Amino acid sequence: MPRQDREERAVQEVQDRTRAFLDPAVIARLGTLELKAKTIVEGLLSGLHRSPFKGFSVEFAEYRQYIRGDDLSTIDWKVFARSDRYYIKKFEEETNLNCHVLIDVSGSMAYRSRELSKFEYAACLAASLGYLMTRQRDGVGLMAFDDRIVSAVPASTRPGHLKNLLVALTQLQPGSRTDVAKPFRQVAEALTRRGMIIVISDLLDDPEAVVRGLKLFHHRGSDVLVFHVLDPDEIDFPFDRATRFEDFETAEEVMAVPDLVRAHYQKAIGDLIERYRRELGGAGIDYQLLNTKQPIETALLAYLYTRARAS
Amino acid sequence: MSFLSPLFLIGALAAAVPIVLHLLKREPEPRVKFAAVALLRHAPVERTSTRRLRQIVLLALRVAALVLLAIAFAQPFVPLAATASRRATVIALDTSFSLSAPGRFARAQRLAREAVAQAPATDDVGVVTFADRAELVTPPSADRGLAIAAIDAAAPGFGGTRYLAAVNVAGRALGTRAGTIVVVTDLQEGGWDAGDHASVPAAAHVEVRDVGALPENLAVVGLRSERDREVVTIRNDSPRTRAVAVRLSVDGRPAGERSVSVDAHASADAVFGGITGSEAVAVIDDREGLQADNSRYALLNRSSRVAVLAVTATGDLDRDAFYVHQALATGDAGGGSLEVAGIAGGQLGGWPNERVSAYSAVLLLSTRGLDRRGRDVLASYAASGGGLLIAAGPDVDGDVAADVAGAGIKLHLVAPEERRNSDSQSLAPGDVRHPIFQPFGPATGSFGLVRFTRTARLSASGCQTLAQFTSGEAAVIDCGIGDGRLIVIASDLNNRWNDFPLHATFLPFLHETVRYLSNAHVKSGEYLVGEVPSGVTPAPGIVTIPATATARPRRAAINVDPAESEPARLSVDEFGSAIARLKEAGVAEARNVEQRRESSQHFWQYALAAMMVALAVEGVVARRTI
């Protein structure tokens with residue numbers, strides 16, 4: 001079974017075992033970005049106490065008898081030698097993993113059909129990731145890009161770094177055109193050590209340039225996780241009246257009768273998603289499609305999987 | 001294209017509404033900022049040019065729907081070609097047989113051709129021929145050759161002159177446009193009937209081209225049977241006494257020849273005795289006068305026997321209809337002896353129609369046992385020329401009598417309540433000129449001596465009331481049923497509801513009634529040329545009338561109308577004054593023509609259907625646009 005499918009099944013299993021995740025509409029009503037991140041992460045982690053995800057960290061916590069489904073790599077063979085029983089080690093250990101969150105602030109991210117725009121959803125996800133990483137003592141940095149790097153916060157594990165991260169996120173506004181080639185190349189050139197790259201974007205750019213840029217990170221030895229954030233409207237195309245569609249970034253206008261173009265559009269977006277899934281998966285890059293009506297915790301679980309593999 | 005109600009076209013101004021809305025709402029489509037517009041580029045999106053075209057189509061459809069609605073209400077129609085703006089001249093050429101004298105019709109054709117030649121060059125010219133009926137032979141057109149050809153092809157027939165039909169058809173041919181109606185005729189006085197109401201357009205001018213007075217003429221105006229002889233009546237319309245040989249043929253064989261001398265402007269009879277046969281024709285030789293009236297046809301009915309059938313409850317006349325039987329067995333009716341037969345109502349259904357038709361009159365005195373078949377036999381008998389009497393006595397059911405009379409008459413008989421003697425009524429003839437009462441002369445007052453203790457309430461549509469009771473209710477009515485007659489008496493004839501049979505007036509009343517009904521039976525075999533039933537050629541002769549749903553085939557004599565031979569004439573001024581009086585109806589007639597034209601075309605329905613289609617298409621296009 002492919003690795004990605006396995007992870008998706010595991011995420012689904014977690015969702016089944018833990019409480020229901022917070023609806024993004026609820027998250028949208030929370031005050032600050034910090035509060036949103038804290039609520040999401042703490043809620044997720046409290047659920048994870050009863051889940052097989054415990055142990056992604058590297059700080060030893062306790063031994064536990066092996067049960068079916070546990071990762072065989074976590075079995076402590078020394079203890080097995082001594083006791084002839086299978087025990088697995090549970091860790092909560094510091095790491096030197098540096099993670100860079102790349103958030104797309106191009107104009108297209110401003111689209112919203114629900115409480116959270118794609119950008120707000122992405123910012124909330126980035127904040128939650130920052131909160132989670134900080135809590136796990138991973139180094140976390142932030143870069144915002146459209147057709148260039150708009151803002152950058154270097155990765156750090158210092159106390160108070162999360163605050164800087166959240167302030168930077170709060171100051172971001174979506175606006176310009178997307179062109180990932182240049183900023184991705186700049187980021188890739190700036191990477192000095194292996195780490196983890198998390199890209200949060202709607203990827204509405206030239207797919208070839210996007211894949212090429214992401215492969216750059218991978219070639220540099222970094223684990224790459226891509227969150228492809230789309231609004232439900234961009235997937236379902238639910239419009240019913242003849243409408244003049246105006247592009248966020250180029251101001252290009254297209255008159256369309258939804259009934260006539262829906263099938264074509266849905267095929268086009270489906271092909272795009274499938275292309276990213278296929279080409280990124282083939283390049284060893286984790287790809288996660290996020291719909292802004294999905295709970296953000298889903299993305300965090302995907303991160304945790306990638307993080308576990310990285311460690 | 002014209003409109004019957006053009007004011008509704010003002011409603012087409014509503015078409016400005018979608019135009020204004022279109023101009024005010026230049027960009028009605030919602031605008032949505034969308035991130036994945038790039039993915040729509042290759043979809044079948046609507047290009048600007050296509051969208052503009054759609055909007056123009058939409059606007060056109062909406063405007064068209066409103067305009068079509070206004071047009072539908074305005075009731076459009078395509079007028080007759082003759083109602084175009086060009087003036088027209090319509091030649092109405094008389095083809096009645098009064099023009100059949102040598103040289104007369106040639107003169108009429110010459111006058112008609114002159115009228116064509118004298119018509120203004122800008123006029124269209126049409127031709128109408130007329131006698132009893134009028135026919136538009138050539139509608140008004142610029143091709144005068146057609147009109148000349150129509151005039152040359154016309155020939156005098158056997159019909160009488162009827163100006164009403166001629167003027168109406170010529171007026172309709174003109175329509176609403178200005179023009180002239182030229183009537184080429186010999187101005188026969190009988191051409192206008194009292195009460196005729198012709199219509200010509202208000203802008204029509206009527207001219208008369210007089211063919212001239214009738215020449216000296218001898219006409220056979222009558223051929224009738226009197227007991228054992230045949231009488232031929234000759235009329236001399238000339239200022240001198242003339243002798244003429246009258247030849248009679250019966251069943252195709254010569255039956256005799258008589259010479260008679262007829263005084264100036266008088267009539268004389270030629271009498272033929274000892275004639276046997278049934279189909280006779282009397283002929284004279286009058287080469288200078290009208291040709292069509294030189295012969296006359298008749299079905300001979302010399303039988304001295306007048307057979308009467310009385311339908312009673314049992315068929316026993318002495319028991320059921322004693323007084324009727326005794327009255328009819330005494331004396332004669334119309335010169336022949338009366339033979340009365342009785343039949344029970346229940347037996348009549350078994351009789352074939354031919355057996356009943358042998359009777360000159362049928363008296364329905366009881367409807368007891370008269371089944372459906374029996375009612376149909378009586379109805380068929382009356383419709384085919386028989387004479388039927390219904391005496392609404394105690395044995396006559398109103399519903400059965402109504403069935404016999406047929407749906408066309410709507411006979412309504414209601415059985416009476418019992419009356420005390422103090423409430424008895426008498427009968428008063430209302431039309432003393434009617435053949436039943438005419439022989440009584442001043443003695444009609446004698447009917448007032450008859451006491452009616454009970455009377456049925458009687459009503460029917462299209463019937464003449466001959467006598468009334470003192471209460472004002474109808475006592476005797478006379479109705480036409482097909483070719484026959486129906487007399488209904490609102491009481492009985494057997495001394496039960498009245499004492500009529502005990503009075504001296506009873507016997508002559510019954511005889512005159514039977515004679516009147518018998519004449520109907522005989523006369524059903526005579527027609528004038530202008531009155532022949534459908535399917536029969538309108539020409540003099542003895543022909544077979546085809547069978548109908550209610551009547552069997554029968555022989556009939558067809559003759560020209562003797563009134564057409566009468567020399568009395570209208571002056572041109574009299575004719576003109578009649579036309580002038582009719583002119584005022586021209587606008588109304590034109591309006592009627594337009595209404596008939598519109599109702600025959602029903603273009604408003606097409607306009608409404610087109611509007612519905614436009615709205616449906618608009619709905620589809622609008623859904624795909626905005």
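This is a predicted model: local features need pLDDT of at least 70, side-chain atom pairs count only at pLDDT 80 or more; totals for chains, interfaces and linings use all residues.
**View 1. The largest nonpolar core.** This core has 84 residues, and A:Ala126, A:Ile198 and A:Ile200 are those with the most contacts inside it. Helix H5 of chain A, residues 118–135, supplies the largest share of this core, namely 12 residues. In soluble globular proteins, nonpolar side chains tend to be buried together.

**View 2. The open sheet of chain A.** Six strands with mixed pairing follow one another in the order S5-S4-S3-S6-S7-S10. Because strand S5 (149–156) and strand S10 (286–291) of chain A stand at the edges and each has a single partner strand, one side of each is left without a neighbour in the sheet. From one strand to the next, the twist averages 15°.

**View 3. Pairing of S4(A) with S5(A).** Strand S4 of chain A, residues 139–145, pairs with S5(A) in the antiparallel sense over 5 bridges. A:Leu142 stands opposite A:Val153, which belongs to S5(A).

**View 4. Helix H8 of chain A on the sheet.** Helix H8 (residues 207–219) packs on the sheet, where it touches strand S6 (196–201) and strand S7 (223–230) of chain A, and the direction of the helix makes about 155° with that of S7(A).

How values were computed:
Residues are numbered from 1 along each chain as its sequence is written. Chains are lettered from A and ligands numbered from 1 in the order in which they are written. A nonpolar core is a set of buried Ala, Val, Leu, Ile, Met, Phe, Trp, Tyr and Cys residues joined through C-beta atoms within 7 Å. A residue is buried if 20 or more other C-beta atoms lie within 10 Å of its own, exposed if 12 or fewer, and partly exposed in between; C-beta atoms are placed from the backbone. Helices (H or I, at least four residues) and strands (E, at least two) are DSSP runs, numbered from the N terminus. Two strands pair if DSSP finds at least two bridges between them. Axes are lines fitted to C-alpha atoms, for helices over the stretch in contact, and angles run from 0 to 180 degrees between N-to-C directions. Two residues are in contact if their C-beta atoms, placed from the backbone, lie within 7 Å.
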